[in-house]
Amino acid sequence: MVVVGAGMAGVQTAVALREQGFTGPVSLIGAEPHQPYDRPPLSKAILLGTADGSAFDVDFASLGIDLRLGCEALGVRPADREVDTTAGPVPYDVLVLATGAEPVRLPGTDQAPGVHLLRTLDDAERLRPVLAAQHDVVVVGAGWIGAEFATAAREAGCAVTVVEAADRPLAGALPAEVAAPMTAWYADAGVTLRTGARVAAVEPGAVVLDDGARLPSGAVVVGIGAHPATGWLAGSGIALGPHGEVLADDRLRTSAEDVYAVGDCTSFPSARYAERLLVHHWDNALQGPRTVAADILGEEAAPYDPVPYFWSEQFGRFVQYAGHHAAADRTVWRGDPADPAWTVCWLREGRLVALLAVGRPRDLAQGRRLIEAGRLMDADALRDPALPLKQAVAG
């Protein structure tokens, strides 16, 4: 067994193989030299210096997992059952692709001074002294990662300006009426938010916008999205989707024999939502490996069709989302979005398909179970934030 990618999805795949009884050789290949680590703390504790690392609590040696770190995968030759790496070819009987996603770079800034991404441990280490020195910071992108970094930078005492090309935060993730209330969070935290603005150039000490405005900056942090890290699969014959993701089936098998894909680098068909999902979140990287290991070992397992879930801590708020709202036909609010805690529920044909909970973790926990069960909801009861969400089931 060869697993390429030593992030959450890759590590959990290797561990799941052992937990489910596989006793043969398992190799875990990681491009970074560091012990495999968890990524969420990078934008929080590690960035602020309140933690030194987030290595997984896994004893790879006792599990008999061969760690090959600092080893980059360069290509796959399915006909030969080999992975080409910087350390030479690695043969496999079964291969799992778990290379995750890589951040989108801001065009024209590869050589610009003081421009940072936040995806790896090294990225966070480079940004630590920026925050410690309380530099003026410009964040490009008001998505999840941009908001989380802006939160950390304000906690560190930096002056922060967030530049967003769309007319609101989280424009690519949430409908306008849901994202709009979040705009006020930036001002409340002392962050300047400039929407409808694009970066024209990055110069030493300044970011120049397309309207000619110049923003002072000691550092620029780019958070404009991520795409599957699959460029190394070019020429392999493994089928990729429109976003460059590996196309997997409902057991996370790829188009190549004995090759699986899991986590941020792959999409899978969801019967629940009647479409193919590409999920770039931690929980997907945690859940998928169990399905992969079960299928590899020939165990009976349900099709992989999770209720997507993620969370974000930003501007003093705990934001959680479960489900997939794209095909919803009705939106129901629980509480006032001007208040510290509120929830938005999305229904389709009366059934709960997604919800966003701000400071209401009980709503999220109950709602996630209701989505999994496909329960019909009473929309009028659902509107009452004092009523437990599970009591808003129709009938």
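Trainee: Which three strands form an open sheet, and in what order?

Mentor: The strands stand in the order β4-β5-β6, and their pairing is antiparallel. Strands here are DSSP runs of E with at least two residues, helices are runs of H or I with at least four residues, and both are numbered from the N terminus. Two strands pair if DSSP finds at least two bridges between them. Before we go on, keep in mind that this is a predicted model, in which local features need pLDDT of at least 70, side-chain atom pairs count only at pLDDT 80 or more, and totals for chains, interfaces and linings use all residues. Residues are numbered from 1 along each chain as its sequence is written, and side-chain values use heavy atoms, with hydrogens and water left out.

Trainee: Why is one side of β4 and of β6 left without a neighbour in the sheet?

Mentor: Each of them, β4 (73-77) and β6 (88-91), has a single partner strand and stands at an edge, so one of its sides has no neighbour there.

Trainee: And how many bridges join β5 to β6?

Mentor: Four bridges join β5, which covers residues 82-85, to β6, and the two run antiparallel. If you look at T85, its bridge partner in β6 is G88.

Trainee: Changing topic, how many disulfides does the structure hold?

Mentor: It holds zero disulfides, a disulfide being a pair of cysteine sulfur atoms within 2.5 Å. C71 is in no disulfide, and the nearest cysteine sulfur to it belongs to C265.

Trainee: Is C71 buried or exposed?

Mentor: C71 is buried, with a relative accessible area of 7%, where buried means under 20%, exposed over 50% and partly exposed in between, using a 1.4 Å probe and protein chains only. C265 also counts as buried, at 0% relative accessibility.

Trainee: What about rings, how many aromatic pairs are there?

Mentor: The structure holds eight aromatic pairs. Rings of Phe, Tyr and Trp (its six-membered ring) pair if their centres lie within 6.5 Å, and planes under 30 degrees apart count as stacked, over 60 as edge-to-face and the rest as tilted. One of the pairs is Y186 with F315, whose ring centres are 4.7 Å apart and whose planes meet at 55°, so this pair is tilted. Y186 lies in helix α6 (residues 183-188) and F315 in the loop between β22 (309-314) and β23 (317-323), so the pair ties together parts that are 129 residues apart in sequence. Y186 is buried at 2% relative accessibility, and F315 is buried at 9%.

Trainee: How is the pair of F310 and Y321 arranged?

Mentor: That pair is stacked, with 5.4 Å from centre to centre and 25° between the planes. F310 sits in strand β22 and Y321 in strand β23, eleven residues apart.

Trainee: One last thing, where does A357 lie and what does it touch?

Mentor: A357 lies in strand β26, residues 351-358, and is buried with a relative accessible area of 0%. Leaving out residues up to four places away in sequence, it touches F318, V319, Q320, W342, T343, D363 and L364, where contact means heavy atoms within 4.5 Å.
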